[in-house]
Amino acid sequence: MLLFFFRQLARLPLSWLHRAGAALGWLVYWCSPSYAGRMRENLYASGVCSGEAQCERLLRAAVAESGKGVTELAAVWFAADEKVARLVVECDRWDIVEAARKRGDGIVFLTPHLGCFEISSLYGAQRLPLTVLYRPPKQAWIEPLMVAGRSRWRATVAPANLRGVRMLYKALARGEAIGLLPDQAPGVGEGVWADFFGRPAYTMTLVKRMQQASGAAVIMAFAERLPAGSGYRLHLEELPTANLDEAALNRAVEAQVRRCPEQYLWSYNRYKTPAGAEPPPPAMRSAE
């Protein structure tokens with residue numbers, strides 16, 4: 001029943017879904033003080049805007065964009081293959097992907113919570129084998145929708161557990177591509193504290209470990225929403241791997257966010273302390 005419902009929504013033009021998403025973003029913002037407070041706090045503390053007027057304008061845009069990120073899933077996950085294939089209307093620098101493949105390297109695609117990160121992986125899966133790590137949502141009924149929507153073309157989903165991590169290592173060993181959300185807060189023991197927009201954030205070590213173990217290329221991917229529901233522009237950038245530690249990873253994510261800060265998911269609880277983890281060192285906390 002749910003699949004049928006979302007497939008009917010997927011028939012709507014993307015522009016309609018984005019208009020509905022903007023309204024949804026404001027509805028959630030006004031109905032959830034904790035959500036609104038976290039979004040405002042994360043945005044204002046980031047330093048991507050200066051002055052009350054500029055930050056307020058950016059906040060209003062971010063509220064609407066966050067709602068679009070929800071409603072556009074109907075089109076991205078459940079529209080017909082040919083329709084989804086047309087959603088990305090432009091891609092910058094796909095040549096760096098082809099160059100990595102010619103070298104025989106595996107590829108680690110990093111897609112932050114920026115723009116439409118779901119379409120980024122599906123664009124890649126149309127062109128090469130891609131194994132994407134996902135964390136099962138708290139609402140169990142969402143998981144089958146998520147798995148169905150992400151399992152298109154040559155995409156394989158891997159759960160965020162030991163079995164899923166092994167799937168990622170095996171894919172890289174075959175010279176294939178994997179996809180990770182580099183700004184997703186990891187579980188205890190899976191990260192270290194590193195600065196992110198001037199505040200300590202528990203940051204995954206998985207990117208560094210996988211790159212060092214495989215010698216894979218690391219490519220940042222960001223799908224920018226275009227105006228009036230006209231589709232997405234996919235931006236790709238290869239990162240240097242010589243010193244790609246957790247601090248460098250966060251700097252790379254910050255650089256992408258600054259390109260289009262209104263489309264970053266500022267409501268994400270990026271600065272939480274995972275259950276069982278030690279809090280950030282006093283020196284980092286005093287720098288906030």
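Okay, a disulfide here is a pair of cysteine sulfur atoms within 2.5 Å. By that rule, this structure has one. Before I go on, some housekeeping: this is a predicted model, where local features need pLDDT of at least 70, side-chain atom pairs count only at pLDDT 80 or more, and totals for chains, interfaces and linings use all residues. Residues are numbered from 1 along each chain as its sequence is written, and side-chain values use heavy atoms, with hydrogens and water left out.

So, which cysteines form the disulfide? They're Cys-49 and Cys-55, with sulfur atoms 2.1 Å apart. The link between Cys-49 and Cys-55 is right-handed, with 105 degrees about the S-S bond. Both of these cysteines are buried, and buried means under 20% relative accessible area, exposed over 50%, partly exposed in between, using a 1.4 Å probe and protein chains only. Cys-116, on the other hand, is in no disulfide; its nearest cysteine sulfur belongs to Cys-260, 12 Å away. Cys-116 counts as buried because its relative accessible area is 1%.

Okay, cores. By nonpolar core I mean a set of buried Ala, Val, Leu, Ile, Met, Phe, Trp, Tyr and Cys residues joined through side-chain atoms within 4.5 Å. The largest one has 44 residues, and among those with the most contacts inside it are Val-108, Leu-110, Leu-206 and Trp-266. Helix H4, residues 52–71, gives the most to this core, with five residues; helices are DSSP runs of H or I, at least four residues, numbered from the N terminus. Apart from that core lies another, of 40 residues, including Val-76, Val-97, Tyr-123 and Tyr-232.

Let me zoom in on Leu-206. Contact means heavy atoms within 4.5 Å, and leaving aside neighbours within four places in sequence, Leu-206 touches Leu-133, Val-165, Leu-168 and Leu-180.

A cavity is a set of points on a 1 Å grid over the protein atoms alone where a 1.4 Å probe fits but cannot get out, and lining residues have an atom within 4 Å of a point. How many cavities of 30 Å³ or more does the structure hold? Two. The largest cavity has about 40 Å³ of space, where volume is the space filled by probe spheres set on the points, joined across faces, edges and corners. Its lining includes Asn-42, Phe-196, Trp-266 and Arg-270. The second largest cavity is lined by Leu-133, Tyr-134, Leu-180, Leu-181, Gln-184 and Met-204.

Methods: Helices (H or I, at least four residues) and strands (E, at least two) are DSSP runs, numbered from the N terminus. On a 1 Å grid over the protein atoms alone, a cavity is a set of points where a 1.4 Å probe fits but cannot get out, and a pocket is an open set with protein on both sides within 12 Å along at least five of seven lines; lining residues have an atom within 4 Å of a point.
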